[in-house]
Amino acid sequence: MNEKKKIRKPLGVARLIEGKCILCGARCQSICPKHVVTMTEQGEPVIDISLCTGCKKCITICPSQALEIYFTSEQEKILEQIARDQQETLLHEEEPEALEKPRGHDEYRGVWVFVEQINEEAAPVSWELLSVGSVLAKQLDVELCAIVIGEKVEQLCHLAFTYGADKAYLMDDPIFRYYRTEPYFKALCYLSKKYKPEIMLIGATGVGRDLAGAVATELNTGLTADCTGLAVDNERRLLMQTRPAFGGNIMATITTERSWPQMATVRPHTMHMHERDTSRQGEIVNEKLDMYEEEIATKVIEIIERKQSGEVDITAADYIISGGRGLQSADNFRLLKELADELGGVVACSRSAVDAGWMPSEHQVGQTGKTVRPKIYVACGISGAIQHLVGMQNSDILSQGKLKP
Ligand SMILES: Cc1cc2nc3c(=O)[nH]c(=O)nc-3n(C[C@H](O)[C@H](O)[C@H](O)COP(=O)(O)OP(=O)(O)OC[C@H]3O[C@@H](n4cnc5c(N)ncnc54)[C@H](O)[C@@H]3O)c2cc1C
């Protein structure tokens with residue numbers, strides 16, 4: 001028996017980020033299960049790293065994200081050793097063919113974009129996806145296809161051609177009048193099994209998230225949700241899907257290497273929408289699904305609009321004046337409102353401003369808020385954390401403001 005002893009992976013230790021503690025009243029100390037946090041006279045935590053187990057409880061409870069995990073130099077050495085051991089195991093255990101670079105699957109070709117629609121009107125994210133899809137299709141030298149499902153929606157196929165689609169698969173039937181998971185996912189799976197696309201893009205909207213998960217499960221393929229960047233590796237015919245990971249602290253590029261189609265959802269406003277070319281035309285392929293209303297369990301009885309009067313849609317604004325913790329009070333948002341009104345824009349904010357109760361959550365920009373793409377985005381009192389940046393980095397002009405309230 002020559003088995004190597006398994007090394008325990010270190011979890012890191014907690015530390016205070018200078019200048020971020022808001023002296024909340026020792027929440028980190030009260031939650032620590034190992035009692036390794038003591039407080040200074042000013043009310044800031046001091047952590048005994050020799051006893052900290054890296055459980056992250058203090059990090060989760062901290063209202064100002066003033067604590068973070070880091071690895072001591074001894075722990076880093078252990079992590080490097082684990083990585084070396086894993087590499088060695090992989091080299092010895094992996095089948096030679098599994099290590100070969102995948103080159104796509106010959107049966108699967110083409111880039112597909114699901115055109116989401118409500119009441120025969122397409123969600124703009126569909127056109128954004130066709131725009132990025134046309135770039136990917138060109139690089140892979142394949143067709144760009146729009147998938148149009150609904151009732152009386154043929155005109156959306158023609159619109160899709162003007163945004164770059166070469167072909168549209170149309171399923172036009174009263175059964176698709178309202179979005180319901182069952183008929184829509186069955187329709188998309190039917191098309192995918194028949195025509196075999198290599199890439200399928202869907203908007204990360206409420207409908208898109210629901211549909212994409214169901215389709216990926218049925219097709220037994222990978223799905224990368226909420227992508228903020230897409231590209232292709234031509235040689236391996238892989239879709240490089242970039243999205244925030246580990247709580248938004250890193251941007252990860254993910255690939256689906258051994259199942260097809262490669263599926264991704266993309267948040268609205270993350271991709272640039274190309275200008276329409278009204279002269280473009282394409283081929284419409286009519287398809288039919290053998291499905292009857294009586295077989296569908298879900299019935300739509302009434303549609304209730306969630307939008308209340310007076311609610312602001314920050315995603316549609318051309319000018320956004322945004323405020324963060326640096327504004328120091330709810331009252332100071334009045335200054336931003338004055339500027340926004342002058343420009344005909346809207347006020348948005350960071351999560352800190354929402355957490356502080358200064359702004360309602362519908363105004364939050366970022367990973368857990370909304371993605372915006374205005375002509376001008378002015379950020380006042382916002383530090384630019386990655387979770388905020390992913391929601392506004394594609395704005396045309398970015399400006400950081402210093403406030404003198
Ligand atoms: C899973 C997860 C999801 C998240 N999702 C989001 C999200 O969707 N959106 C989001 O915004 N955050 C999100 N966050 C939080 C994010 O990590 C940051 O904590 C947050 O964005 C910081 O907000 P802020 O920039 O307003 O505050 P701070 O980082 O505290 O920055 C305040 C800034 O104001 C400046 N300042 C102070 N006084 C003035 C002044 N007088 N004039 C000008 N500047 C001044 C300071 O120098 C500083 O740069 C998320 C975090 C996690 C873990």
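The model is a predicted one, in which local features need pLDDT of at least 70 and side-chain atom pairs count only at pLDDT 80 or more, whereas totals for chains, interfaces and linings use all residues. Residues are numbered from 1 along each chain as its sequence is written.

Gly-208, Leu-211, Ala-212, Val-215 and Ala-216 are buried in α8, where a residue counts as buried if 20 or more other C-beta atoms, placed from the backbone, lie within 10 Å of its own, as exposed if 12 or fewer do, and as partly exposed in between. Just after the helix, Asn-220 takes a positive phi of about 55 degrees.

Seen as a whole, the protein chain has eleven helices and 20 strands, and its C-alpha atoms fill a box of roughly 75 × 75 × 40 Å along the principal axes. Buried residues make up 34% of its 405 residues. Among contacts between residues at least 6 apart in sequence, 66% join residues at least 24 apart, a contact being a pair of residues whose C-beta atoms, placed from the backbone, lie within 7 Å.

The domain assignment, whose bounds come from an automatic or database source, gives domain 1 (13-96), domain 2 (111-295) and domain 3 (314-401). The centres of domain 2 and domain 3, taken over C-alpha atoms, are separated by 30 Å, and eight residues of domain 2 are in contact with nine residues of domain 3. On the side of domain 2 that touches domain 3, two residues are nonpolar, five polar and one charged; here Ala, Val, Leu, Ile, Met, Phe, Trp, Tyr, Cys and Pro count as nonpolar, Asp, Glu, Lys and Arg as charged, and the others, Gly among them, as polar.

Around the ligand there are 26 residues, of which the closest are Gly-324, Gly-326, Arg-351, Gly-366 and Ser-383; a residue belongs to this shell if its C-beta atom, placed from the backbone, lies within 6 Å of the molecule. The elements that give two or more residues to the shell are α10 (351-355) and α11 (386-389), and α10 gives the most, with three residues. By class, the shell has six nonpolar, 17 polar and three charged residues.

Some backbone details remain. A cis peptide bond with omega of about -5 degrees joins Trp-260 and Pro-261, and Pro-261 is placed in the loop between β14 (250-254) and β15. Gln-65, in the loop between α2 (57-61) and β4 (67-70), has a positive phi near 45 degrees although the residue is not glycine, and Gln-65 counts as partly exposed because 14 C-beta neighbours lie inside 10 Å.

Note on methods
Helices (H or I, at least four residues) and strands (E, at least two) are DSSP runs, numbered from the N terminus. Two residues are in contact if their C-beta atoms, placed from the backbone, lie within 7 Å.
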